[in-house]
Amino acid sequence: VKAFIDSRRLAPLTRPGVLIAVALIAWGLKRHYADAGTDALRWILQPTATLVGVVSGATFTVAPGEGYVSHERMFLIEKSCAGVNFMIAAFAMVVFALLARVRSGASALSVLGVALAAGYGAAVLVNTVRITAAMWLADHPVRVAALAPADVHRIEGIAVYFVGLVLLYELVRRVERVAPGTEVRA
Amino acid sequence: MSGTLRSALGRTFRRAALPLGCYYAVTLGLPIANGAASAGSRFVGHALVVSMLPPMLIAMACTLAVAAEALRLKSYRALRSVRSSWRGTPKSGVPSARQRTGCTRVWRFGSFSGSPWISL
């Protein structure tokens, strides 16, 4: 306990510890995502389906073992729409962005907690945008000679996920600049 | 490519390095670590799209931002030259009527004494 309280001395050890924790959490999330069925991913699919319903006006109901289905729009939010990979990327990115704040065990835990919460929130929001855009594209198909509808859907997914990551990074940088305890830059 | 665009591109890519690295790590690094590379041409096609699209998005956004800034600067200069022809604004940006001079004539309230010119 004394070592934890006086953990400023442990700063050189804390950052590698945080990186190991990031790797373990990312691996755990990936493992869970690979093994879990749709029902076990309810923690991320349900808020996403609810938000997509609010934004698009569609009604999603639970289809056990399949995901969340909108019968009137003929659209299914399934396991591959969960956005767990995005959550892992966002979580790791936020930890790296805030790594300079890690000076003690407590700050390491808070950075990991903030990064997990930010990754989860960003995953739900960005997934909502991606699924809503996919629903719009399904209703208004884009005709590009060289691209199949599946390619358009994939490109839309890559663009939305990457832009979402960049926006989250900019948000973290902005918060980092104005947050107390850090040097305010002009 | 103009120097402005080149430096803006360099700046933007440096700024987006962390999101780009995390994105590649999850979309390319993890599947490769899981043995997806053995899927052959299907994975190569996917990897090509995944690796090419984000830098293209950055370059497009940067080019648009530089073009918008150049347009804004151009319109600002055009507006300023029109204003200067109307009001006689010098190139320094300070209207000549408001430029400070060594002394300015002012009205003194109360009894007049001395010169009406005071130094500012």
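The model is a predicted one, in which local features need pLDDT of at least 70 and side-chain atom pairs count only at pLDDT 80 or more, while totals for chains, interfaces and linings use all residues. Residues are numbered from 1 along each chain as its sequence is written, chains are lettered from A and ligands numbered from 1 in the order in which they are written, and side-chain values use heavy atoms, with hydrogens and water left out.

**Around A:Ser70**

A:Ser70 is found in strand 2 (residues 67–70) of chain A; helices (H or I, at least four residues) and strands (E, at least two) are DSSP runs, numbered from the N terminus. With 0% relative accessibility, A:Ser70 counts as buried. Here buried stands for under 20% relative accessible area, exposed for over 50%, and partly exposed for what lies in between (1.4 Å probe, protein chains only). A polar atom of the A:Ser70 side chain lies 3.4 Å from the backbone nitrogen of A:Arg73.

Not counting residues up to four places away in sequence, A:Val18 touches A:Val95, A:Leu99, A:Val102, A:Ala108 and A:Leu112. In soluble globular proteins, nonpolar side chains tend to be buried together.

Chain B has three helices and two strands, and its pattern along the sequence reads α-α-α-β-β. Of the 120 residues in chain B, 16% are buried. Among the contacts in chain B with a separation of 6 or more, 38% join residues 24 or more positions apart.

Where the chains meet, 17 residues of chain B are in contact with 21 residues of chain A. The area buried between them is about 1600 Å², and carbon and sulfur atoms give 81% of it; buried area is the accessible area (1.4 Å probe) that two parts lose on being put together, summed over both. Between chain B and chain A the count is one salt bridge, meaning a side-chain nitrogen of Lys or Arg within 4 Å of a carboxyl oxygen of Asp or Glu. On the side of chain B that touches chain A, the elements giving two or more residues are helix 2 (17–33) and helix 3 (41–87) of chain B. Helix 3 of chain B gives the most, with eight residues. The residues on this side divide into 13 nonpolar, three polar and one charged, with Ala, Val, Leu, Ile, Met, Phe, Trp, Tyr, Cys and Pro counted as nonpolar, Asp, Glu, Lys and Arg as charged, and the others, Gly among them, as polar.

**Salt bridges**

Over all chains, a search of the whole structure finds six salt bridges. The table includes three of them.

| Pair | Closest N and O atoms |
|---|---|
| A:Glu176 and A:Arg101 | 2.6 Å |
| A:Asp151 and A:Arg154 | 3.6 Å |
| B:Arg15 and A:Glu170 | 2.6 Å |

A:Glu176 lies in helix 6 of chain A and A:Arg101 in the loop between helix 4 and helix 5 of chain A, so this pair ties together parts 75 residues apart in sequence. A:Glu176 is buried at 14% relative accessibility, whereas A:Arg101 is partly exposed at 28%.

A:Asp151 and A:Arg154 are three residues apart in helix 6 of chain A, a separation of about one helical turn. A:Asp151 is partly exposed with a relative accessible area of 25%, and A:Arg154 is partly exposed at 30%.

The pair that crosses between chains runs from B:Arg15 in helix 1 (residues 3–15) of chain B to A:Glu170 in helix 6 of chain A. B:Arg15 is partly exposed, with a relative accessible area of 37%, and A:Glu170 is partly exposed, with 21%.

Terms used. Contact means heavy atoms within 4.5 Å. A polar contact is a pair of N or O atoms within 3.5 Å; within protein, one must be able to donate a hydrogen and the other to accept it, and residues adjacent in sequence count only if both atoms are side-chain atoms.
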